[in-house]
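Dear colleague,

Please find the structure below, handed over for your use.

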Amino acid sequence: MNTDTNPKQNTDQLQNTDQLQNTNPIQNTDAITEDNLVQNNKHKVKTNHGIPKSTWIRRAILLVLLILFLIGFNQSLDVTSFDYSNSAIPDAFEGYKIVLITDFHCKTLGHNESTLINAIKDAEPDLIVITGDMIDEQHEDVTEVYQLLEGIHDIAPIFAVTGNNEFDPMAPYTKLVELYSYYRVQLIDDQLIEIVKDGASFRLYGFSAATNYIKNAPEKLPTPDPAYFNLVLYHYGSSFDYFENTNYDLVLAGHVHGGQVRLPFVGGVFGNNYSHLELFPKYTDGVYTLGDVTMILGRGLGDSGAPRYNNHPELVVITLHAGDAEE
């Protein structure tokens, strides 16, 4: 057996080994260059730890939509002011302010109702009127009503009529009447009151929500005297059609809760009718006119079954002006 090694082969192998040992890995590696580092970093920014940018965009859009949706349940108080002019209003009542409270439903608005009380004080009203549904069958405790009346009874005279919820057999109506009596709130269901100032006066009519003839036989309504400015308190703003041609001047009302859910550019969605579902009701909030009769309809303060959406609780302030609107 020939065991001799070819010296040339050994030399070649040694040279190859030396080449491998002396190879500079940095010079022969294309992966770690300045350009590649930049490209890798860009790639990492785009993927954001493996999550595509499009996914982050979708998540951001969903978050914004969720925030906008939740904002719709905001229950901060709105104060809406209206100016009403009528030549039948005596000069003595120029600038006379009326605060309208409707559909309170034992709503909590600030600690001890402080938010609502302060808003009423800030309005500096000459008269406070309540058009029903201060209570309902869901609230046996009337603490919120007590707190509200405790805070406002000495601001201005208060007149009230009943709403449909006061007549619910489960509603604490007796407690409400006791609070009205204690805080000198005059309940004027189906009564006529004369409001006097500086020798002049206007007439205030109160109609109970249980006064069925308003819907069934409106011709039975008392005939207003055209020599006076005739103001009506009535719960059912949805029944304004029945006041057409009655010669009343101004109706203050509630009940509809502003349509409960309100959509931009559309308004109220649901009517407050217990007998059937009413979509996009005719009357939801604001000012309406039929012939010579005007209604100011408040959105109310409380909830009715379902929570309000995009529909803040509302306190209404009406300022009376002597003379026609054109003047």
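**Strand pairing and the sheet**

Strand 8 and strand 9 (residues 250–254) pair in the parallel sense over four bridges. Here helices (H or I, at least four residues) and strands (E, at least two) are DSSP runs numbered from the N terminus, and two strands pair if DSSP finds at least two bridges between them. Within strand 9, leucine 250 is the bridge partner of leucine 231.

This is a predicted model, in which local features need pLDDT of at least 70 and side-chain atom pairs count only at pLDDT 80 or more, while totals for chains, interfaces and linings use all residues. Residues are numbered from 1 along each chain as its sequence is written, and side-chain values use heavy atoms, with hydrogens and water left out.

Strand 8 (residues 230–236) is also joined to strand 7 (residues 200–207), by five bridges, and these two run parallel. Arginine 203 stands opposite asparagine 230 in strand 8, and glycine 206 has leucine 233 as its bridge partner there. Seven of the seven residues of strand 8 are buried (under 20% relative accessible area, with exposed over 50% and partly exposed in between; 1.4 Å probe, protein chains only), so strand 8 is largely enclosed by the rest of the structure.

The open sheet has six strands in the order 6-7-8-9-13-12, with mixed pairing. Its edge strands, each pairing on one side only, are strand 6 (191–197) and strand 12 (286–290).

**Helix packing**

The axes of helix 5 (residues 143–152) and helix 6 (residues 173–182) lie 11 Å apart, at an angle of about 10 degrees. Axes are lines fitted to C-alpha atoms, for helices over the stretch in contact, and angles run from 0 to 180 degrees between N-to-C directions. The two helices are therefore roughly parallel to each other (angles under 35 degrees; over 145 is roughly antiparallel, 65 to 115 roughly perpendicular and the rest oblique). Val145, Tyr146 and Leu149 in helix 5 meet Leu176, Leu179 and Tyr180 in helix 6, contact meaning heavy atoms within 4.5 Å.

**Helix 4**

In helix 4 (residues 114–123), the buried residues are Leu116, Ile117, Ala119, Ile120 and Ala123. Viewed down the helix axis, these residues fall within an arc of 160 degrees, so they line one face of helix 4; the arc is that of the directions from the helix axis to the C-beta atoms. Their cover includes strand 1 (78–86), strand 3 (127–131) and helix 5. Just after helix 4, glutamate 124 takes a positive phi of about 50 degrees.

Yours sincerely
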